[in-house]
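Hi,

Here is the model I promised to pass on to you. My notes follow below it, so please have a look and tell me what you think.

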Amino acid sequence: MSDELVIRAPIPGVFYRRPDPGSPPFAEEGDRVEPGAVIGLVEVMKQFHDIVAEAAGVIVSFEVESEDVVSPGDVVARLEAAG
Amino acid sequence: MSGEIGRLLVANRGEIAVRVIRACRDLGISPVAVYSDADSEALHVQLADEAVHIGPAHARKSYLLPEAIVAAALEAGAQAIHPGYGFLSEDPRLPRACEEAGLVFVGPPAEVMAAVGDKVLAREAAIAAGVAVVPGSEGRLASVTDAQGVAAELGFPVLLKASAGGGGRGIRPVESAEELADAYQRASAEAEAAFGDGGLFLEKLLVRPRHVEVQVLADAHGNVVHLGERDCSTQRRKQKLIEEAPAPNLDPAVRDELCEGAVRFARGVGYVGAGTCEFLVDAEGRACFIEMNARIQVEHGITELVTGVDLVAEQLRIAAGRPLGLSQGEIEPRGAAIEFRINAEDPGNGFMPSPGEITAWRPASGPGVRVDSGVEAGGVVQPFYDSMVAKLMVWGASREEAMDRARRALEECRIEGVTTTLALHRELLDWEPLRAGEVTIESLEEHLDAAAALAGA
């Protein structure tokens, strides 16, 4: 069984999966991501901050929807460690 | 007044909602608040007579919905809506929706708001009113020779701009006549490649300008007055941090030109309500109109401190159809006022937003001090909205006295739980360009960059 990893929201705000409404999502479930890959944004006080993967892995699921409110530490996505 | 507007809905949150509620109280109007899921405990909700829930925390699903705002006003039995600043304050859909619902909108009519908000139309209106805009070529340049002639007339430096460019693309600064021929060929070729159109025009590059703006009030009976100017040059990323009234070291002839130009512009577009004409003023005193903001502004309070005029109350009287309560001759700015925006941001960490609970809150007070805020101890600075938590304003009989009082007030002020710009403001009181009244719109960023480089070295 491979290890499960999570990506958490670093700051409170509104979560987005796309850089802007007309663009495709940063990442989809099933995508393989490398450390530093941007998988979403959090809008806080009119500023946007990247949410990045800290380890390599395959995205198993997103735990929050675009435009959902997140708090610091909330799990945004689950990864399966690439083994 | 109460016969005309008995109940008013405040379509905003935070300090400006509190400010409008206070003006309502002073005029015997019953204020109604609106709130999102995040704001049910907010100060503006507590201070209003009634509060209507309008949707989720996300502003696009609450404070930015004209239909939700109008429905809330009708539900609460309000006859008028005040938009505050930000959110829907410059969106013509709100005055239009008010008109359709038979509500009074506190601001200009929808078509005037739309015209003022269009950069091209506003520039044309300024020219028609005899107000100087950024000088440039009339339309496209025909050739290099044409460009040389226009540039010589404007004086270097100039900006070569692609006719088809936009959003900051296709702009090339040119320092001298020697550079111009070469720059023209390159810029034209680049514009042809990038936009499929090599057409160019020229604009004067304003060197180290100041941001100076003029407050106006206009009623529905054709009366327009100005309330003097404010200098808002202390900015970071186009966000104002410190403003003052009057503008220090401004040539009285330039001041008159700006103030009279703002009145002519407002009259020319048929403006109604409180508005602000913004100008850039360069080192030689050349003043160019940029735009008009068709709403009350964040920094309106310093104009209130020097003129003694309650601008929000005037907005409400104008909206009720009353003539202006004062003539130009009765408006005499006195002393100096300075505003410091206290934002929940960390200047030590790239101005990173710092939302959270305010665990301790002691606003400054005493002679010459005014603090407008929408928070209190135990309240929460929400991550969903603007980072401004309070405006600290000081007044003094002279600019020097205002600065001394600013030092006292900034020291006295205490906010815990969130990181704010308070400490930065204390430091900036010793910043020479601010002390000398010589700040230009680039000064603060240069200062912060230099300080950051020093700290990193």
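Glu67(A) counts as partly exposed because it has 14 C-beta neighbours inside 10 Å (20 or more other C-beta atoms within 10 Å means buried, 12 or fewer exposed, and anything in between partly exposed, with C-beta atoms placed from the backbone). Its phi is positive, about 75 degrees, although Glu67(A) is not a glycine. You will find Glu67(A) in the loop between β6 (57–62) and β7 of chain A; helices (H or I, at least four residues) and strands (E, at least two) are DSSP runs, numbered from the N terminus.

Before going further, some housekeeping. This is a predicted model, in which local features need pLDDT of at least 70 and side-chain atom pairs count only at pLDDT 80 or more, while totals for chains, interfaces and linings use all residues. Residues are numbered from 1 along each chain as its sequence is written, with chains lettered from A and ligands numbered from 1 in the order in which they are written. Chain B has a mean pLDDT (the predictor's confidence in each residue, from 0 to 100) of 94, and 98% of its residues reach 70 or more. The ipTM is 0.77 and the pTM 0.89.

Back to chain A. Met45(A) also has a positive phi without being a glycine, about 50 degrees, and sits in the loop between β4 (38–44) and β5. Met45(A) is buried, with 23 other C-beta atoms within 10 Å. Four strands of chain A make an open antiparallel sheet in the order β5-β4-β2-β7, where two strands pair if DSSP finds at least two bridges between them. Its edge strands, each pairing on one side only, are β5 (47–52) and β7 (69–70). Two bridges link β7(A) to β2 (residues 13–16) of chain A, and Gly13(A) has Val70(A) as its bridge partner.

Where the chains touch, each gives nine residues to the contact (C-beta atoms, placed from the backbone, within 7 Å).

One joins Phe156(B) and Pro157(B), with omega about 0 degrees, and Pro157(B) lies in the loop between α7 (144–154) and β6 (158–166) of chain B. Another joins Ala245(B) and Pro246(B), with omega about -10 degrees; Pro246(B) is in the loop between β11 (239–245) and α9 of chain B.

Best wishes

Methods. Contact = placed C-beta atoms within 7 Å.
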